[in-house]
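I opened this structure to look up a few local features. My notes follow the order in which I checked them.

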Amino acid sequence: MDPFASQAERQWTGPFCFVQAADPQLGLMKSWRIGDKVGGGDEWEEEVVLTKQAVAGVNQLRPRPRFMVLCGDLVHAMPGTEFRAAQERDLKEALSGTDPSIPLVFVSGNHDLDQVPTPSTVEQYCRVWGDDYFSFWVGGVFCLVLNSQLYFNASACPQQKEAQETWLEAQLSRASSPKPKHILVFQHIPLYVKSPDEQDEYFNLPQEVRQNLMERFKRAGVTAIFSGHYHRNAGGCHDGLDMVVTSAIGCQLGDDTHGVRLVAVTADAVVHRYFSLEQLGQRGVDEELRKMLQAC
């Protein structure tokens with residue numbers, strides 16, 4: 001049963017919070033440590049422990065989050081490779097302890113679909129984790145989940161890219177009935193890491209695609225885009241559009257530590273803060289969350 005299917009979710013009923021996480025990526029930590037990013041992902045107990053720690057911390061939060069979204073790279077093993085099924089199985093087991101009142105929302109990443117996705121890899125992902133793009137309402141807020149890999153390289157699945165584009169345009173045009181308090185977008189690859197005019201690289205979307213999406217999101221009234229992929233905290237707000245890049249539950253590639261982002265949604269703003277997994281389990285985080293909900 002879809003927890004957000006009720007028409008009542010289209011109505012604003014007051015401030016709420018949710019959790020955004022990214023890149024549990026079971027198998028990357030050892031792979032990165034030994035310098036074998038292709039064949040070294042044969043151990044992932046570290047990521048399982050971290051994921052369970054995140055779940056335990058989220059379960060303790062009061063007020064209770066309306067949902068937790070995982071913004072891609074759920075596992076490290078690419079589709080069709082040796083450790084894929086075992087990593088997916090162990091991630092599902094690690095997440096199974098999430099309180100049933102906190103729905104999980106899954107977003108596809110490049111490791112979930114392959115760097116150049118195909119109709120087969122997209123179908124495999126959907127069979128295990130659910131649709132690769134979809135929308136939902138929660139508490140008067142309209143949420144869009146996108147398959148960002150189709151914007152990065154859809155050369156092997158142009159029909160899937162065209163289908164998502166048609167769907168997205170329809171979703172953005174319908175977002176005014178009823179008018180949401182906010183529109184939020186969730187995807188794996190950020191539009192940009194630090195600046196909208198930065199050069200194309202592995203960690204962002206190509207400039208032409210980036211500018212097109214930014215213009216469409218601004219016209220539609222999108223408040224924020226939440227992403228992962230960078231394994232560091234980054235992003236920025238430009239022309240009223242907040243590009244939120246959240247570091248990883250799993251392997252860190254910068255100076256951040258394993259953590260998740262708590263997001264408070266009020267009538268006037270969407271405010272957020274990254275918490276380490278250690279902070280998440282400490283007393284005081286609930287008070288910080290309440291302050292965020294009262295910030296605007």
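**Ground rules.** I am working with a predicted model, where local features need pLDDT of at least 70 and side-chain atom pairs count only at pLDDT 80 or more, while totals for chains, interfaces and linings use all residues. Residues are numbered from 1 along each chain as its sequence is written, and side-chain values use heavy atoms, with hydrogens and water left out.

I looked up UniProt, where an unreviewed entry lists residues 61-232 as "domain: Calcineurin-like phosphoesterase". Positions there are given in the numbering used here, feature names are shortened, and annotations may be inferred rather than shown by experiment. I then checked that span in the model: it is 36% helix and 17% strand, and its end C-alpha atoms lie 23 Å apart. Helices (H or I, at least four residues) and strands (E, at least two) are DSSP runs, numbered from the N terminus.

**Strand β5.** Is β5 mostly covered or mostly open? I found five of its five residues, 141-145, buried. Buried means under 20% relative accessible area, exposed over 50%, and partly exposed in between (1.4 Å probe, protein chains only). Val-141, Cys-143 and Val-145 point one way, and Phe-142 and Leu-144 point the other. In a regular strand the side chains alternate between the two faces of the sheet.

Next I checked the partners of β5. Two strands pair if DSSP finds at least two bridges between them. Strand β4 (residues 134-138) runs antiparallel to β5, with five bridges. Val-138 stands opposite Val-141. The β4-β5 hairpin has two residues between the strands, and Gly-139 takes a positive phi near 55° there. Strand β6 (residues 182-186) runs parallel to β5, also joined by five bridges. Val-145 stands opposite Phe-186 in that pair.

**Helix α5.** I listed the buried residues of α5 (residues 119-129): Thr-121, Val-122, Tyr-125 and Trp-129. They line one face of the helix, because they fall within an arc of 100° seen down its axis. The arc is that of the directions from the helix axis to the C-beta atoms. These buried residues pack against α3 (84-95), β3 (104-107) and α4 (110-113). Contact means heavy atoms within 4.5 Å. Just after α5, Gly-130 takes a positive phi of about 110°.

**Gly-109.** I found Gly-109 in the loop between β3 and α4. Its relative accessibility is 0%, so Gly-109 counts as buried. Beyond four places in sequence, Gly-109 touches Gly-72, Asp-73, Gln-149 and His-188. Gly-109 and Gln-187 are 78 residues apart in sequence, yet 7.9 Å apart C-alpha to C-alpha.

**Arg-84.** This residue sits in α3. Arg-84 is buried, at 7% relative accessible area. Its side chain makes a polar contact of 2.9 Å with that of Glu-88. A polar contact is a pair of N or O atoms within 3.5 Å; within protein, one must be able to donate a hydrogen and the other to accept it, and residues adjacent in sequence count only if both atoms are side-chain atoms.

**Cysteines.** How many disulfides does the whole structure hold? I found zero. A disulfide is a pair of cysteine sulfur atoms within 2.5 Å. Cys-251 is in no disulfide either, with the nearest sulfur, that of Cys-71, 18 Å away. Cys-126 is partly exposed at 24%, while Cys-251 is buried at 5%.
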